[in-house]
Amino acid sequence: MTTSRIAKSAYVSTLRGAGKIARTAGVYSALQRRLPDRRAHWWLSLFAIHDIDAMVDLDVPWWSYDAIDKVDAFLAQRDTPRVFEYGSGASTIWAARRAHHVTSVEHDVDWHPVISNRLSAFSNVELRLIEPDANYNPEYGSKKPGYTSRSFENYVTAIEGAKGPFDVIIIDGRARVACLRHAIAHVAPGGMIVFDNSGRREYRSPIEAVEAQIKTYRGRVPSLPYPDQTTLIQPTPVAEK
């Protein structure tokens, strides 16, 4: 196990332990009573790190809070909004509660049933498992540790056969730059692309190269002790009233 993974595991264990203490001491209940206060919500989310059920209960995707608010308001304004998502998780259920239909593609054979089991109450979600390709294609590669020798062409191009266009396309999985290239043609008029963790160096130039209205929201993120950023991309933005 790498040093970063050991540190990550230790951090998760520490917060899980802190969450148990917070429940025993009544801190957790006190924070719940303060909801929907954003700071209280963030503290609760720290205790929920890597706990899919707790994140679902908190009803948030893993994006910056300001971006969450923008996408939430955007979906509320759209008639029967359709969502396509690269990378499933708590965001899948969050979107299912707000969209007419959600198509989500997942590459991880172990994670897929975890999310699938939690989608039984939602008839408006199609969750597809698309594992890494048998043959390597660098155009669809990933820099994620453990996946650098794998490629995701079938995963990325799944949007080509989906029933679009989509009001919102979420990019929060593997091969994100390739996902962005393919997503642009499938955004509905006035729709948007949600590109998470957009502050990473390898994502900056591809995002800036898109001819679109681009807004980046940096700040607190559920479950993270440090700020991160999410970028919203509108290739054909709706004119402001």
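The model is a predicted one, in which local features need pLDDT of at least 70 and side-chain atom pairs count only at pLDDT 80 or more, while totals for chains, interfaces and linings use all residues. Residues are numbered from 1 along each chain as its sequence is written, and side-chain values use heavy atoms, with hydrogens and water left out.

**The overall view**

Switch to cartoon and you will find 10 helices and 7 strands; helices (H or I, at least four residues) and strands (E, at least two) are DSSP runs, numbered from the N terminus. Of the 241 residues, 49% count as buried, where buried means under 20% relative accessible area, exposed over 50%, and partly exposed in between (1.4 Å probe, protein chains only).

**The sheet**

Now select the strands. The 7 of them form an open sheet in the order β3-β2-β1-β4-β5-β7-β6, with mixed pairing; two strands pair if DSSP finds at least two bridges between them. At the edges sit β3 and β6 (213-219), each pairing on one side only. The twist averages 15° from one strand to the next.

Axes are lines fitted to C-alpha atoms, for helices over the stretch in contact, and angles run from 0 to 180 degrees between N-to-C directions.

Next, pick residues 101-106, strand β2, where 6 of the 6 residues are buried. Show the side chains: H101, T103 and V105 point one way, and V102, S104 and E106 the other.

On one pairing, 5 bridges join β2 to the parallel β1, and S104 stands opposite E85. On another, 5 bridges link β2 with β3, also running parallel, and here T103 faces E126.

β1, α6 and β2 make a right-handed β-α-β unit, as do β2, helix α7 (residues 111-117) and β3. Right-handed means that, with the strands pointing away from the viewer, the path from the first strand over the helix to the second runs clockwise.

**Inside the cores**

Which residues have the most contacts inside the largest nonpolar core? Select V71, V83, V168 and V194, which hold that place in a core of 38 residues. A nonpolar core is a set of buried Ala, Val, Leu, Ile, Met, Phe, Trp, Tyr and Cys residues joined through side-chain atoms within 4.5 Å. Helix α5 gives the most to this core, with 6 residues.

Center on V168, which touches V71, F74, L75, R82, V83, F84, M192 and V194, not counting residues up to four places away in sequence; contact means heavy atoms within 4.5 Å. Then look for a second, separate core of 26 residues, including F84, Y155, C179 and F195.

**Last stop: helix α9**

Finally, select residues 176-183. Helix α9 has 6 of its 8 residues buried, so it is largely enclosed by the rest of the structure. The buried ones are R176, A178, C179, L180, H182 and A183.
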